Amino acid sequence: MLLLPPFPDETLYSRCVRTREVYGMSAEQFFCVFFKNTAHSVHPYLNTSLNILSESTSESAYELLSWQTLIPLYAWALQEFNPELQDLDISAFKLQTICSLLNFAEHHPAILKHCPVCTYHDVKKFGVAYWHRQHQIFGITSCNHHQVRLNHLTRPRLSDIRHHLSQYKKGQVSLSTENDFKFARFTSHLFDDICKSLPDFKNRRSSSLVKTLEQHTHIINDQSILIELYKITKKLDHKEINLFPTQENHNDYWKTLFYRTSTQSPSKYLILLYCLNQLSIK
Ligand SMILES: [Zn+2]
């Protein structure tokens with residue numbers, strides 16, 4: 001028995017949900033067949049047991065990790081944990097512990113996001129809606145294809161979601177701001193590049209993120225640039241509390257990222273690179 005093939009930019013989680021629905025399995029039956037373990041669960045974007053699951057797909061476990069999870073984003077930002085994050089046999093506990101280390105704002109509440117316009121087009125083109133990987137990046141509030149706000153579904157569980165189509169019917173369409181749309185598009189392009197260069201940043205020194213930060217460390221001493229960076233962040237949707245800098249802490253916020261003195265959410269690096277890009281500092 002095989003997992004259904006993926007749609008463009010579909011998460012592994014979404015594939016599992018569709019497969020379970022099409023085969024008419026209970027969640028327990030699904031886990032038993034595909035994970036050889038009824039006690040398993042499937043995270044919306046940080047997936048484990050990829051070696052086992054790849055036995056039911058035409059892709060390798062590494063391809064699943066690279067193109068259907070958000071693990072590449074964490075491996076890119078958390079260089080010190082890169083070997084563990086790219087370990088295909090890592091336990092769910094260890095993966096989620098690494099990815100939710102102190103200072104992370106999200107605490108992985110397992111929120112799923114979807115764009116109502118993408119959903120409409122997916123149903124029209126493929127007959128079913130599905131969860132897009134790019135939409136799940138923490139801090140992104142606009143679709144990267146359409147200037148539309150993403151809708152949220154809190155605490156999804158594989159066994160709870162009966163039909164993706166029901167999400168489409170519930171979805172409301174509202175425009176996002178030009179800046180949120182720009183941030184989503186910037187992030188989307190960057191994340192594509194990260195996934196394509198995944199094997200290259202196994203070496204910390206060759207990481208494009210580390211190189212960029214080292215090249216621009218002098219910015220830390222230029223108060224006027226730091227203020228400009230902060231002003232750009234103020235134009236973005238602050239739906240996710242604690243993710244963005246405040247007027248009081250923005251100096252320390254940027255320094256922590258540049259000097260990498262503590263583990264930070266990958267989304268904070270996305271914000272920093274977006275702001276540098278907006279100031280044409282690349
Ligand atoms: Zn969309």
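Me: Where is Asp-9 found?
Reply: Before we start: this is a predicted model, where local features need pLDDT of at least 70 and side-chain atom pairs count only at pLDDT 80 or more, while totals for chains, interfaces and linings use all residues. Residues are numbered from 1 along each chain as its sequence is written. Helices (H or I, at least four residues) and strands (E, at least two) are DSSP runs, numbered from the N terminus. On that numbering, Asp-9 is in the segment before H1.

Me: And is Asp-9 buried or exposed, or something in between?
Reply: A residue is buried if 20 or more other C-beta atoms lie within 10 Å of its own, exposed if 12 or fewer, and partly exposed in between, with C-beta atoms placed from the backbone. Asp-9 has 19 other C-beta atoms within 10 Å, so the label is partly exposed.

Me: What is the phi of Asp-9?
Reply: Asp-9 is a residue other than glycine, yet its phi is positive. The value is near 60°.

Me: Where does Arg-260 lie, and what is its phi?
Reply: Arg-260 lies in the loop between H13 and H14. With 17 C-beta neighbours inside 10 Å, Arg-260 counts as partly exposed. Arg-260 is not a glycine either, but its phi is positive, about 50°.

Me: How many helices and strands are there in the protein?
Reply: Some background: the protein has 282 residues, and buried ones make up 37% of them. As for elements, the count is 14 helices and two strands.

Me: What share of the contacts in the protein with a separation of 6 or more comes from residues 24 or more positions apart?
Reply: Two residues are in contact if their C-beta atoms, placed from the backbone, lie within 7 Å. Taking contacts with a separation of 6 or more, residues 24 or more positions apart account for 70%.

Me: Which residues in H2 are buried, and why do they line one face of the helix?
Reply: H2 covers residues 27-35, and Phe-30, Phe-31 and Phe-34 are its buried residues. Seen down the axis of H2, they fall within an arc of 95° (the arc of the directions from the helix axis to the C-beta atoms), so they line one face. An α-helix has 3.6 residues a turn, so residues three or four places apart point the same way. The buried residues of H2 pack against helices H1 (12-23) and H3 (50-53).

Me: Which residues does Cys-118 touch, leaving out those up to four places away in sequence?
Reply: Cys-118 sits in helix H8 (residues 116-126). Cys-118 has 24 other C-beta atoms within 10 Å, so it is buried. With residues up to four places away in sequence left out, Cys-118 touches His-132, Cys-143, His-145 and His-146.

Me: How are H12 and H13 arranged?
Reply: H12 (residues 223-234) and H13 (residues 250-259) pack at an angle of about 95°, with axes 10 Å apart. Axes are lines fitted to C-alpha atoms, for helices over the stretch in contact, and angles run from 0 to 180 degrees between N-to-C directions. Angles under 35 degrees count as roughly parallel, over 145 as roughly antiparallel, 65 to 115 as roughly perpendicular and the rest as oblique. H12 and H13 are therefore roughly perpendicular.

Me: Which residues make the contact of H12 with H14?
Reply: The axes of H12 and H14 (residues 266-278) come within 9 Å and cross at roughly 110°. These two helices are therefore roughly perpendicular. Leu-229, Ile-232 and Thr-233 of H12 make the contact with Ile-271, Cys-275 and Gln-278 of H14.

Me: What is the mean pLDDT of the protein, and which stretches are below 50?
Reply: pLDDT is the predictor's confidence in each residue, from 0 to 100. The mean is 85, and 87% of the residues reach 70 or more. Where pLDDT is low, the predicted coordinates should not be read in detail. The pLDDT is below 50 over residues 102-108 and also over residues 158-165.
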